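Let's take a friendly walk through this model, one feature at a time. Keep the structure open beside you as you read.

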Amino acid sequence: MDPVVPPFVPVLLAAVLLPFLGRRAGHALGALATAAVVPYVWLVDEGVYVQTKLFGFDAVLFNVDQFSVLMGLIFGFIGAAGVLYSYASDAENLQTAFALGYVGTSLGAVFGGDWLSLIFFWELMAVTSTLLVWHYGGKAVRAGFRYALAHGIGGTLFLGAIVWHYAEAGTFLFATVPGGPETAGLAGSVAPLLAAVGIGVNVGFIGLHAWLPDTYPRPHVAASVFLCVFTTKTGVYGMYRVFPEDGNVAVAYMGGLMAVFGATMALFQNDMRRLLSYHIQSQVGYMVAGVGIGSALAQAGAFAHVFNHILYKGLLFMTAGVVVYRTGEESLKKLGGLAGEMPVTAGAFSVAALSIAGFPGFNGFVSKGIVISASHYEFEYGPFAVAGFTTLELLLLVGGVGTFMSFIKFGYYAFFHGTYDGTVKDANRGQSVAMVAVAALCVFYGLFDGALFAILPFDVTSDAVVGHVYVTYTVDHVVEGVALAALGLLGFAAVKRPLSKVKRVPDVDDAYNPLTFHATRWLVVGVTELYAAVDRAVVRGATYTVDVVRSPASTAGRFVGEDRVSLRADTSASILLVVVMLAVALALTVL
């Protein structure tokens, strides 16, 4: 086998060199290093692997299969677009270096051929993304601490699952590489549960998601473009590795609930990037549902949606970033009528919004349709099934209506309602090139779905592979997509006025942040007071012992209320005392 270099190596090397170069040269190097990943992983033969040792254990740092190739293709492309956007948005070299470190460690995670490599790069990914958040300073610092804490807890649970797996299987290697175990996924029953919860932090399980909308609106607008891509999608990849064959019913339903919850919470937001962050949770819900269903069709749909989501979500954060970059405003309430002033940005937003909502002709329509079809044909009907729809299918469809409503709101208030008070420039050349390139792919993969099918891990057009052949543009699918759009439009019209009066809707962190603060505070106070009490008792006991040794007669006198007690005993009392002590000792010996 010819020697091959894992794709994360040149990206991480560029991250190290970038701070020491000029802005133009450094960002050019970063864009070149990430863009080169696309043809490299496309041309490397499937089945290639680089086996080595990591911490003394067998490890595979470069494992090429259909899943890792898909992740590498889209990570490389969006990484290059993100670097160009960073340069055009005045990002500092050090910030882009942290972003490249984030890209490189994410590539390491998805191309690892064993659990040890995966968790190693998983944790490095958390470190580099935290540094990317912190670099901006201000409110991003506090959000970064919460981000680091959440991912530290999640990573620890995932590591515990991997150690548990090693104790059961005796190896960290994946089943798909030489020397790996016979069965895929994590061994036993405890390890998959720990992993599901740990990875659930990364993908935004309901209740474990609050770090996401809290963090992504805080840093530099270019940093948000990177953040919206890698953590959650690498989490979906990790979830597939845990449940590679039969899926998991609970995970599937969690995905459906995420789709509804995220879209609902997004509808209440006025901060543009916070709205988009909740929609990361919602859209990742479709991917998690696909993994949880576990069939070939569902898993193909999950990874198709990973690919498409990275495109349109990166584009949405780019358009929101341009608005912030040009106007300085984050809130939709302070914007309006920008389409006339910023036609390129408004056009890019429209493409991305139609893509994420799943309107026919755009890439989200293709990948959402695969997952929804799998939830209909290959999943149990569930307790709330009605009119031939499974429970999970209904959840995904309701999430689709909520998505339309959210982005109708975003576009209406930011670009198409009223007039903007003042003059504002559109995206600059670099920002425009990055946005137009990504928007073009959103349309391309929506119209030419065969190009997307060609890179999926399972052939969705083969009945022998997926069981139910998927055809994108059928009458039923198109009618479904248009119906969801119509319901979204009617829904927004119905809630527009009452929604404008809503100021802030609490999330789970409104409960557990104060609870954690006060619980930690009382824990600290309790430990401090306990230490003080023990310290006083020890000092008191030591003082008493010294008094007894120095003046036993005076100490005894304090007990009987006299100044001094004679401790002398006559012969008979001494004999009696000795006999009593001997009797006690004998009794203890017998017992």
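Phenylalanine 407 and phenylalanine 410 both belong to helix H17, three residues apart, which is about one turn of the helix. Helices here are DSSP runs of H or I with at least four residues, numbered from the N terminus. The ring centres of phenylalanine 407 and phenylalanine 410 are 6.4 Å apart and the planes lie at 15 degrees, so this pair is stacked. Rings of Phe, Tyr and Trp (its six-membered ring) pair if their centres lie within 6.5 Å, and planes under 30 degrees apart count as stacked, over 60 as edge-to-face and the rest as tilted. Across the whole structure, the search finds 33 aromatic pairs.

Before going on, please note that the model is predicted: local features need pLDDT of at least 70, side-chain atom pairs count only at pLDDT 80 or more, and totals for chains, interfaces and linings use all residues. Residues are numbered from 1 along each chain as its sequence is written, and side-chain values use heavy atoms, leaving out hydrogens and water.

## Where H13 meets H18

Helix H13 (residues 296–327) and helix H18 (residues 429–447) have axes that come within 9 Å and cross at roughly 150 degrees. Those axes are lines fitted to C-alpha atoms over the stretch in contact, with angles from 0 to 180 degrees between N-to-C directions. Ala, Val, Leu, Ile, Met, Phe, Trp, Tyr, Cys and Pro count as nonpolar, Asp, Glu, Lys and Arg as charged, and the others, Gly among them, as polar.

## Two cavities

There are two cavities of 30 Å³ or more. A cavity is a set of points on a 1 Å grid over the protein atoms alone where a 1.4 Å probe fits but cannot get out, and lining residues have an atom within 4 Å of a point.

Helix H6 (115–134) gives the most to its lining, with four residues. That lining has four nonpolar, four polar and no charged residues.

How values were computed: Helices (H or I, at least four residues) and strands (E, at least two) are DSSP runs, numbered from the N terminus. On a 1 Å grid over the protein atoms alone, a cavity is a set of points where a 1.4 Å probe fits but cannot get out, and a pocket is an open set with protein on both sides within 12 Å along at least five of seven lines; lining residues have an atom within 4 Å of a point. Grid points are joined across faces, edges and corners, and a volume is the space filled by probe spheres set on the points.
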